[in-house]
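Thank you all for coming this morning.

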Amino acid sequence: MMKLISTFLFFLVLLNLSACRSEPPSTTIEDSSNQIIHWRMVTTWPPGFPVLQEGAERFAKNIETMSGGQLRIKVFAGGELIPPLETFEAVSQGAVHMGHGSAYYWAGRIPAAQFFSTVPFGMTAKGMNTWLYDGGGLKMWREIYAPFNVVPFPLGNTGVQMGGWFNKKIESAEDLKGLKMRIPGLGGKVFAKTGGNPVLLAGAEVYTALERNTIDATEWIAPFHDQRLGLNRAAQYYYYPGWHEPGTVLELIVNKEAWESLPKDLQAIISVAAQAENLRMSSEMEARNAQALSELQYQNHTELVAFPEDVLTKLYRLTQQTLREQAIQDPQFKQVYEAYTAFRQKFEAWEAISEQAYQQALKKQ
């Protein structure tokens, strides 16, 4: 019933906006002499969600300041105007002007979109930013979203996530068999190939399910958000690294008609504000995770455990198999997979003799 009501309300929004289709979607002008433009932005995050929802709201405020109040964006958290996972559709159809989420949320509709978010054993935030901004990734991303009337921008990154919370010690790949774990997306498909049982749960359900042993393990995000959810009170072992989400890109999406209706100066302001918030949100995630990890270790006495080498080896092998299978089924997925892989090989060859070599030299001192 709730889904039916949400869908009904969503279409009411579309119907209400259709009367203004002679202008770009729901754009309103408060004062024709000053061209004050009012937009709406929806997100996939809960109200007040630290870093992610906060970052989307800060982005909107920065645009208003930078434009001298000419472009004013009202931000709605997930569920406040439309259901969170209808964000892409709302922007595509022009019900709202902007959305903030992550591209893998639309994987059921655009499987290749996952490469513009994250894939298991994929690139970290540094590699993703380099590919998107200067390696052709953003151009390809926009080409793939173009048929949906949407223009994407990078707007944040979670960094390398944690491997998850487990109530059972994982000593070999055999220990994954039969394990019930909350893990979505491609990571869930890979986990299933190990003999594990991936479970889909909303964030609000994760703590209770883990505490009551409805599931044996869960991934969420990283120390800061995991600590806030109280997962350290529901499970004994905290595993790393987050093989399934090594650098999850968050995205800003803008309705194409609305975007094209803006003058060049406002387009430039949005682009620059998105780049600024992309850096700010990524940096904030790293800082808060560093602090939270220290608290989890030394105040909460959480047991940090690295995944055994054979577990990571098996997960890596099964990831490559899963990606190849998806590429065979979907030509667009294959196109992006090949472009992503070609860039990654060049990037990692440079990184091996620059940053990695530097870190190894430091360890020897």
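This is a predicted model: local features need pLDDT of at least 70, side-chain atom pairs count only at pLDDT 80 or more; totals for chains, interfaces and linings use all residues.

Residues are numbered from 1 along each chain as its sequence is written, and side-chain values use heavy atoms, with hydrogens and water left out.

Let me start with the helices; here helices (H or I, at least four residues) and strands (E, at least two) are DSSP runs, numbered from the N terminus. The axes of helix 4, residues 125-134, and helix 12, residues 331-353, come within 10 Å and cross at roughly 120°, where axes are lines fitted to C-alpha atoms, for helices over the stretch in contact, and angles run from 0 to 180 degrees between N-to-C directions. Which residues meet there? On the helix 4 side they are Lys126, Gly127, Met128, Thr130 and Trp131, and on the helix 12 side Val336, Ala339, Tyr340, Phe343, Phe347 and Glu351, with contact meaning heavy atoms within 4.5 Å.

Two of these names come back in the largest nonpolar core, which has 38 residues and in which Trp131 and Val336 are among those with the most contacts. A nonpolar core is a set of buried Ala, Val, Leu, Ile, Met, Phe, Trp, Tyr and Cys residues joined through side-chain atoms within 4.5 Å, and buried means under 20% relative accessible area, exposed over 50%, and partly exposed in between, with a 1.4 Å probe and protein chains only. Helix 12 gives the most to this core, with six residues. Tyr145, also among the residues with the most contacts in the core, touches Phe88, Trp106 and Ile253, among others. A second, separate core of 25 residues includes Trp165, Leu201, Leu210 and Ile221. In general, nonpolar side chains in soluble globular proteins tend to be buried together.

Turning to the strands, two of them pair if DSSP finds at least two bridges between them. Six strands form an open sheet with mixed pairing, in the order 8-7-9-6-10-12. Strand 8 and strand 12 stand at its edges, each with a single partner strand, so one side of each has no neighbour in the sheet. Within the sheet, strand 6 (residues 164-166) and strand 10 (residues 237-240) run antiparallel and are joined by three bridges, with Gly164 standing opposite Tyr239.

Elsewhere, strand 2 (residues 37-43) pairs with strand 3 in the parallel sense over six bridges, and five of the seven residues of strand 2 are buried. Leu71, in strand 3, is buried with a relative accessible area of 0%, and its contacts include Ile37, Trp39 and Leu266.

I will finish with the backbone. Most residues other than glycine have a negative phi, and most peptide bonds are trans.

Methods
Lists of a residue's contacts leave out its neighbours within four places in sequence.
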